[in-house]
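User: Got a model open here and want to go through a few contacts. Can you take some quick questions?
Analyst: Go ahead.

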Amino acid sequence: MRTQPSVEVGTEWGIVSARQAGRELAKEVGFNNVDQARIATAISELARNIYLYTENGVIELEVVEKDALKGMKIIARDDGPGIENIRDVMEDGYSSSGGLGAGLPGVKRLLDEFDIESELGNGTVISTIKWLR
Amino acid sequence: MRIPILKLGKYLLISIQVELDDQTAIQFQEDLLNRIHQEGSQGIVIDLTSVDMIDSYIAKVIGDVVKMSNLMGAKVVLTGIQPAVAITLVEMGVSLNEVHTALDLEQGLETLQQELEG
Ligand SMILES: Nc1ncnc2c1ncn2[C@@H]1O[C@H](COP(=O)(O)OP(=O)(O)OP(=O)(O)O)[C@@H](O)[C@H]1O
Ligand SMILES: [Mg+2]
């Protein structure tokens with residue numbers, strides 16, 4: 001198991017760095033072109049949310065193995081305001097910022113595992129995995 | 001980073017070759033609308049052959065620039081969307097509704113010609 005250095009998302013450049021780092025690691029792990037795009041897109045969504053809704057946060061990338069499965073873990077971690085109603089934000093079209101509201105529900109569809117933990121005033125951790133098939 | 005906008009006869013041609021960060025995307029929106037205004041362009045082709053990822057924000061910027069161009073009286077055709085990009089956009093649930101698309105630049109120009117000249 002290898003842990004990549006986490007990417008800080010303080011500025012919008014952090015969004016680009018995070019998704020580039022993600023695509024590179026995805027390539028290394030052996031994900032095909034389409035999965036690389038899924039992973040890069042998911043990271044971009046998570047990083048943009050950090051950029052938009054929090055002061056700063058990080059994207060952590062990690063190669064994971066379970067039984068015969070290999071995959072890539074993507075964690076978005078911030079100490080921002082937290083999310084009050086997780087059920088609302090997981091609905092397609094819900095946005096507090098005039099966005100498409102496609103971000104979080106989209107990330108869930110692009111990847112295989114999706115877990116969100118959030119505490120008001122304390123921040124949000126979104127933990128996801130894409131398995132290599 | 002600025003995206004170059006080429007003039008090809010009556011049309012404007014944009015081939016996006018750079019990593020689309022937010023700033024570049026917004027700058028492009030403004031630059032394109034200004035050029036349409038200056039040149040009186042009725043047709044625009046935006047070629048996305050080199051773009052390997054479109055997230056919901058960039059999709060919104062592209063969708064908006066198409067709508068804005070339409071408002072000004074110009075038709076936009078998007079060309080060269082990669083298979084992986086098409087797949088992720090649909091899975092994300094982002095529909096670029098009412099946006100004209102074509103397989104490549106050549107077909108994009110043909111689409112414009114048919115639309116504008118009948
Ligand atoms: N890390 C976060 N901290 C606090 N609130 C968040 C965070 N991420 C998302 N949210 C909230 O969840 C809502 C939904 O997020 P989502 O990414 O699905 O859509 P969006 O960012 O509003 O629009 P889009 O991603 O389509 O541009 C956001 O509008 C915001 O209110
Ligand atoms: Mg978002």
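User: Is the crossing of helix 2 of chain A and helix 4 of chain A left-handed or right-handed?
Analyst: In this predicted model, those two helices of chain A cross in a left-handed way.

User: At what angle do their axes cross?
Analyst: Roughly 150°, and the axes come within 9 Å. Helix 2 of chain A covers residues 33-53, and helix 4 of chain A covers residues 103-110.

User: So parallel or antiparallel?
Analyst: Roughly antiparallel, because the angle is over 145 degrees.

User: Which residues meet there?
Analyst: Helix 2 of chain A brings A:Arg38, A:Thr41, A:Ala42, A:Glu45, A:Leu46 and A:Asn49. From helix 4 of chain A come A:Gly103, A:Leu104, A:Val107 and A:Leu110. By type, the contact has five nonpolar, three polar and two charged residues.

User: Switching to ligand 1. Where does it lie?
Analyst: Ligand 1 sits between chains A and B.

User: How many residues surround it, and which are the closest?
Analyst: There are 21 around ligand 1. The closest are A:Tyr53, A:Ser95, A:Ser96, A:Gly101 and A:Ala102.

User: What does the side chain of A:Ser95 do with the ligand's oxygen?
Analyst: An N or O atom of the A:Ser95 side chain is 2.5 Å from an oxygen atom of ligand 1.

User: And which side chain is 2.9 Å from a ligand nitrogen?
Analyst: That of A:Asp78, through an N or O atom.

User: What about the backbone of A:Gly103?
Analyst: One of its backbone N or O atoms lies 3.4 Å from an oxygen atom of ligand 1.

Definitions and conventions:
Residues numbered from 1 in each chain as written. Chains lettered and ligands numbered in written order. Predicted model: local features only at pLDDT ≥ 70, side-chain atom pairs only at ≥ 80, totals over all residues. Heavy atoms only, no water. Axes fitted to C-alpha atoms, helices over the stretch in contact; angles between N-to-C directions. Helix = DSSP H or I, 4+ residues; strand = E, 2+ residues; numbered from the N terminus. Parallel < 35°, antiparallel > 145°, perpendicular 65-115°, else oblique. Left-handed = near helix turned anticlockwise from the far one by under 90°. Contact = heavy atoms within 4.5 Å. Nonpolar A, V, L, I, M, F, W, Y, C, P; charged D, E, K, R; others polar. Near = heavy atom within 4 Å. Polar contact = N/O pair within 3.5 Å; in protein donor to acceptor, adjacent residues only side chain to side chain.
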